[in-house]
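Here is the note you asked for, in numbered points. Please read it beside the structure.

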Amino acid sequence: MASKLRKGTATTVDLDGAAGSTWPNSAEGYQLTFQIGQGAFAKVWQAKCLSKDVDVAIKVIELDSLSSSLDDIYQEVRVMKLCKDPHVLSSYACFVVNC
């Protein structure tokens, strides 16, 4: 079941081994396929990057129902961007949808 990103969400796009590539930085560049997980801040979806025709993981954060501070979210994104561990996905794009 494909899905679209909803208004009031922030996303990060994760793809192992994608460093140095340019990734779409808007929701129109991705098509959500199905939910693969859920964490404290967000749900994680498998999605297709339309321009690259590859599967990615997208973390969708519902900003309207956020119980943590935005500083906590920014910190998580910073850690994902800096982390180079083979067991942790890295972040390659981050954007807000329709806020």
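1. For the exposure classes used below, buried means under 20% relative accessible area, exposed means over 50%, and partly exposed covers what lies in between. K48 has a relative accessibility of 26%, so K48 counts as partly exposed.

2. The mean pLDDT of the protein is 76, and 77% of the residues score at least 70.

3. Where pLDDT is low, predicted coordinates should not be read in detail.

4. Which residues form salt bridges with K48? One partner of K48 is D53, with the closest N and O atoms 3.8 Å apart. Another is D55, where the closest N and O atoms are 3.3 Å apart. The cut-off for a salt bridge is 4 Å, and the count comes to 2 salt bridges.

5. D55, at 40%, is partly exposed. Through shared partners, the salt bridges join K48, D53 and D55 into one network.

6. F34 belongs to strand β2, which runs over residues 30–38. Is F34 buried, exposed or partly exposed? Its relative accessible area is 39%, so F34 is partly exposed. Along the chain F34 and A57 are 23 residues apart, and their C-alpha atoms are separated by 9.9 Å.

7. Helix α1 spans residues 70–82 and has 13 residues. From its first C-alpha to its last, α1 reaches 18 Å, close to the 18 Å expected at 1.5 Å a residue.

8. Which residues of α1 are buried? They are I73, V77 and M80. These three lie on the same side of α1 because they cover an arc of only 60° around the axis. D71 and L82, on the other side of α1, are exposed.

Methods:
Residues numbered from 1 in each chain as written. Predicted model: local features only at pLDDT ≥ 70, side-chain atom pairs only at ≥ 80, totals over all residues. Heavy atoms only, no water. Salt bridge = Lys/Arg side-chain N within 4 Å of Asp/Glu carboxyl O. Buried < 20%, exposed > 50% of the residue type's maximum accessible area, 1.4 Å probe, protein only. Helix = DSSP H or I, 4+ residues; strand = E, 2+ residues; numbered from the N terminus. pLDDT = per-residue confidence, 0-100. Expected span 1.5 Å × (residues − 1). Arc of directions from axis to C-beta.
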